Amino acid sequence: MTDTFYRCGCNPFAQTGRSKLQNKRALLNQKIIKQMRMRAGAENLLKATSNNKVREQVVLELSYVNSDLQLLMEELEGLNIHTKIHEDGSNFQDEIDDLMDLRQACRTPSRNPSGIDLLANYFSQLGFLETRFFSPTRQIGIFFTWYDSFTGVPVCQQNISLEKASILFNMAALYSQIGTRANRQTQAGLEDAITAFQKSAGVLHYLKETFTHTPSYDMSPAMLSMLIRLMLAQAQECLFEQITLPGIRNEFFSLLRIAQEAAKVGETYSEVHQSMIQTPIKNNVPFFWTTMSELKTNHYNSLAHYFVSTALLDHQLTPSDDEDKQEKALSQVYDAMPEGRSPLDILKDKAERRRIGKAHLQRSIMGHEEAIRTHSRCRHLQKLDILSDILQAGLKRSITKFEQNDKEDEFTDYMLAPDILSKTEKKAEMEIPAATKVKVKDLFQRLGPLSVFSAKQRWSAPRTIRLRLQDRDLGFTLKGDAPVQIQSLDPLCPAAAKGLKEGDYLVAVGDTECKWLGVSDVMKLLKDVDEEGVDIRVVSMLDSSSQPMPTKSATYGGLPKTYSMICLAHDEDDKKSHKVAKKPSFLSWGLKNKQKSGSTLSLPSADYNGPWNRPCPTYRNSYNESALY
């Protein structure tokens, strides 16, 4: 009997939720103390040693320890707060499955407008999820991960804004891919490319202005500004191709116009190149991006000089020409006229026209030669045979025209042709697509109106109260739109005695959900209450004034700490796709949820259940093949 007694006995504290919570806290505190001791030891060693190799190793270990410590502190903070939605997640399994399927599909969208619609749909759903589940003052222990598109280094945050920012970045990337894949041999294809590049720039601008202080460097203001310039430069290039696609007429005004259009493209690529070579952008941008922007700057500036030279060399001012119109057109090509000559003097003097025209050809030849040298410096560009053919053809064309206008007995003039002013009839501009504000149906609308049942509010657990008529009176009245509230409660009525409170929200009558029902609809359900009565479910809004303040902003308003993220490593198994047997419930986020989310398009995800137990990966600093541009 004694053995049976002890065998049936139990520890009463181990069966309570509070004791389980305390055990988790104690375990986390032990891990935190261990990490703090390791950090103190590493800092002391750093102070004591002068060996550079030892110091580098200690600094690396400190980065691991500090990141581990941050994770543990965040986990402890999650245990010290309560974020719970009092709903059975199994009742919303279909909605959860739809959301997880949508999120998974966003990792590999099709490179066409359908893929844009998919990302826009998920982005809009994230807005609903943020309002309904993510409190601005409490963290719920869900980690969102993003892999830098240039370096592959992951960053991790406990805030859904990182997920929203990553979707916008991928949407901009997808627009750029659509623009790149467009058929630029047709007017319709060029129009599609222009629209795609301008929308890509618009999304990047929206990302830059809306989500500030993003943790990943590819979403930093400096990098986004460079990417915006890059998208607009490609759009401007397509606009130039759209003008020249029908052909370029060998006519004075047409040639000057095309020259200034080409100068505009060269100017935009020059701005891109200047932003790419600034520190620290130049350390993260692929080398062939930088060389390509430099190459295109030289190529289009050379084209501009070629067209101006052709206008001067192939066309002479005749009595039938409009002198004033030609004079005005030529004066608008330069910021300052060559050697202070007036436009009309140049137009009337055949020798001067040839001299200035040859000077422009010399600059065209030098520019094309520099573009060819730039091409030869980059092995990625060397693989583009057609690019080499275009540069060689441009150089040959300029040399041929120079030889046609060069006389053996002519004195060599080393005049330097002035720069050509850029001008365009249509400037590429950012276009914020409507996809960033697409309207979708809230997947979890059954939880009730979002204006009431949001994460900003704290709610009591639902209470079931039996209503019975007393002299044909329920003892209270109803007010408000869906959901209705209890008002004018008689404190002596049976419902009040059973726990009904003034201001309670009525969420169900019997088996009927009432979160979306108004007063008239609820009264119809209550009017047939018989002597046996009916069960109603109510919830109370709790005081939220004592909630903890949010941690320091990292992205879009109030965001928590960022883990950057060398220690948040993924092993080789993470690269293998696997099917999750049970999808995490969005309705049970909080203390019970220990699954960490990964993010997003074309980038690997990692499981962060135990990041401090994993080895550190080695990330390449060179161009990442999974980068989206």
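The model is a predicted one. Strands S1 and S2 run antiparallel and form a hairpin, while helix H9 packs against helix H11 at an angle of about 15° and crosses helix H8 at roughly 165°. The structure holds 0 disulfides.

**The S1–S2 hairpin**

- Strand S1, residues 144-147, is joined by 4 bridges to S2, and the two strands run antiparallel.
- Between S1 and S2 lie 6 residues, and in this turn Gly152 has a positive phi of about 80°.
- Within the pairing, Tyr147 stands opposite Pro154, which belongs to S2.

**Faces of the two strands**

- In a regular strand, side chains alternate between the two faces of the sheet.
- S1 is covered on both faces, with Phe144 and Trp146 buried on one side and Thr145 and Tyr147 buried on the other.
- In S2, which spans residues 154-157, Pro154 and Cys156 point one way and Val155 and Gln157 the other way, and all of these residues are buried.

**Helix H9 against H8**

- Two packed helices are described by the angle between their axes and the distance between the axes.
- The axes of H8 (residues 221-244) and H9 come within 9 Å of each other and cross at roughly 165°; because angles over 145 degrees count as roughly antiparallel, H8 and H9 are roughly antiparallel to each other.
- The contact draws on residues of H8 including Met226, Leu230, Ala233, Glu237, Phe240 and Ile243, and on residues of H9 including Ile258, Ala262, Val265, Tyr269, Val272 and Met276.
- H8 and H9 make a left-handed crossing.

**Helix H9 against H11**

- H9 (residues 252-276) packs with H11 (residues 323-331) at an angle of about 15°, and their axes are 10 Å apart; this angle makes H9 roughly parallel to H11.
- From H9, Phe252, Phe253 and Leu256 meet Lys325, Gln326, Ala329 and Leu330 of H11.
- The crossing in which H9 passes H11 is left-handed.

**Cysteines**

- Cys238 counts as buried because its relative accessibility is 0%.
- Cys493, with a relative accessible area of 2%, is buried, and Cys156 in S2 is buried as well.

Conventions:
Residues are numbered from 1 along each chain as its sequence is written. This is a predicted model: local features need pLDDT of at least 70, side-chain atom pairs count only at pLDDT 80 or more; totals for chains, interfaces and linings use all residues. Side-chain values use heavy atoms; hydrogens and water are left out. Buried means under 20% relative accessible area, exposed over 50%, partly exposed in between (1.4 Å probe, protein chains only). Two strands pair if DSSP finds at least two bridges between them. A disulfide is a pair of cysteine sulfur atoms within 2.5 Å. Axes are lines fitted to C-alpha atoms, for helices over the stretch in contact, and angles run from 0 to 180 degrees between N-to-C directions. Angles under 35 degrees count as roughly parallel, over 145 as roughly antiparallel, 65 to 115 as roughly perpendicular and the rest as oblique. A crossing is left-handed if the near helix is turned anticlockwise from the far one by less than a right angle, and right-handed if clockwise. Contact means heavy atoms within 4.5 Å.
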